[in-house]
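The following exercises ask the reader to examine a structure step by step. Each task is followed by a worked solution.

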Protein chains: 2
Amino acid sequence: MQTDVERIAGYDYGSQEVANSPVTMKELEQLKQTITLDSDDLRYLRMAGGILENQTESIINIWRGVISSTPHLACYFKDANGKSDENYKARAKERFKQWIIDVCCKPYDQDWLNYQHEIGLRHTYEKKNKTDEASAPPHIPLRYVIAFTAVVNDTIKPFLAKNGHSLGVIEKMHKAWCKAVILHVTLWSRAYCSDNIW
Amino acid sequence: MQTDVERIAGYDYGSQEVANSPVTMKELEQLKQTITLDSDDLRYLRMAGGILENQTESIINIWRGVISSTPHLACYFKDANGKSDENYKARAKERFKQWIIDVCCKPYDQDWLNYQHEIGLRHTYEKKNKTDEASAPPHIPLRYVIAFTAVVNDTIKPFLAKNGHSLGVIEKMHKAWCKAVILHVTLWSRAYCSDNIW
């Protein structure tokens, strides 16, 4: 019997399809220290996960709304004729929904680290389009990947407030989310750089 | 007569020493759209600038505290013998203080764009140490530059709250600050990448 997660097309988390990340566990630890992501943050992330898990469709719709209304972002889902690739969008959407849950709930272990690198690669010349046999532009520039964290971090807050927690607790969940997202995007940037630059 | 700003060593904002950024004004506009940095944000940024301008020493001390207590970050201010370069640290600190004000108060025009690229270069093999004739490691890895935004964005909030504004206004200033910082770091990342990657 398949779980929901197993049915997400191209979601290769923890599978043999995913190579080892070039980032070491020691480098990951140093990144967590750089971000000051601590055990308290991880606790609030888990709490955030419980609140966000039933809202992932609405959250992605907000993010996709920004992308759709921004031609220089929307183009990365379009084919050479400028036609939106609905199959590609739908598949990537399911993975992006699962990503929200994974940010909050997965242990940041080797499987997780490997999959972050895989996500990075899937934005670059090396692997973009391949998972979904799409024919959209072959590379999303690094600048958009970094810049879009502003949207991902800003727009999550109302969703964190949906379960009636105090402002103080919402604030702590949001802080933890923002740190975690920066960690993820930092790891994705590895796919864009050589080792001596990154 | 020199202004305070003119007395900041190595602060070459707007000077002929600073080359044109390879980033175009059109690319900048697209980045602002990607971040959803709008006129409302710019208004709250100006307000934030008025609150932060007399607190820059304390703010940098918080950030430097994180760096000093994190050996893999502190090393970028140390010479080959592991000795902290106090002259380098002091000069860079004054520029970093001014940066806080500039984030909030400067128009995001060509001079500003050029100087962001200069700041990026000063973190890389191309220009690190040169401005201050330091002999610290020649390159700060991109991952630490991206990751440290989490600290810069998280720790600013109490400083924004110092002038007794309502929670709603503090929130809007903080949102604007976070977006602006992501914009700056995105522009710095240009110095780490070739054009077809960035």
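**Exercise 1: The second largest pocket**

Solution. The structure is a predicted model. The largest share, four residues, comes from H10(B). Step 3: by class, the lining has six nonpolar, one polar and four charged residues. Step 4: the space in this pocket is about 260 Å³.

**Exercise 2: The largest pocket**

Task: Determine which residues lie nearest the centre of the largest pocket, and which helices contribute to its lining.

Solution. Step 1: the largest pocket has a volume of about 520 Å³. Step 2: its lining consists of 25 residues, and those nearest the centre are A:His174, A:Cys178, B:Asn153, B:His174 and B:Cys178. Step 3: at least two residues of the lining come from each of helix H8 (149–155), helix H9 (157–160) and helix H10 (167–188) of chain A, and likewise from each of H8, helix H9 (157–160) and H10 of chain B. Step 4: sorted by class, the lining has eight nonpolar, seven polar and 10 charged residues.

**Exercise 3: The contact between the chains**

Task: Describe the contact between chain B and chain A by its residues, its buried area and its polar pairs.

Solution. Step 1: chain B contributes 37 residues to the contact, and chain A contributes 37 residues. Step 2: the two chains bury about 3300 Å² between them, with 62% of it on carbon and sulfur atoms. Step 3: six salt bridges are counted between chain B and chain A. In one salt bridge, the side chains of B:Asp154 and A:Lys175 meet at 3.7 Å, N to O; this pair qualifies because the cut-off is within 4 Å. Step 4: 18 residue pairs are in polar contact across the interface. Step 5: on the side of chain B that touches chain A, helices H1 (25–35), H4 (71–74), H7 (142–147), H8 (149–154) and H10 (167–188) of chain B each supply at least two residues. The residues of that side divide into 19 nonpolar, 11 polar and seven charged.

Definitions and conventions:
Residues are numbered from 1 along each chain as its sequence is written. Chains are lettered from A and ligands numbered from 1 in the order in which they are written. This is a predicted model: local features need pLDDT of at least 70, side-chain atom pairs count only at pLDDT 80 or more; totals for chains, interfaces and linings use all residues. Side-chain values use heavy atoms; hydrogens and water are left out. Contact means heavy atoms within 4.5 Å. Buried area is the accessible area (1.4 Å probe) that two parts lose on being put together, summed over both. A polar contact is a pair of N or O atoms within 3.5 Å; within protein, one must be able to donate a hydrogen and the other to accept it, and residues adjacent in sequence count only if both atoms are side-chain atoms. Ala, Val, Leu, Ile, Met, Phe, Trp, Tyr, Cys and Pro count as nonpolar, Asp, Glu, Lys and Arg as charged, and the others, Gly among them, as polar. On a 1 Å grid over the protein atoms alone, a cavity is a set of points where a 1.4 Å probe fits but cannot get out, and a pocket is an open set with protein on both sides within 12 Å along at least five of seven lines; lining residues have an atom within 4 Å of a point. Grid points are joined across faces, edges and corners, and a volume is the space filled by probe spheres set on the points.
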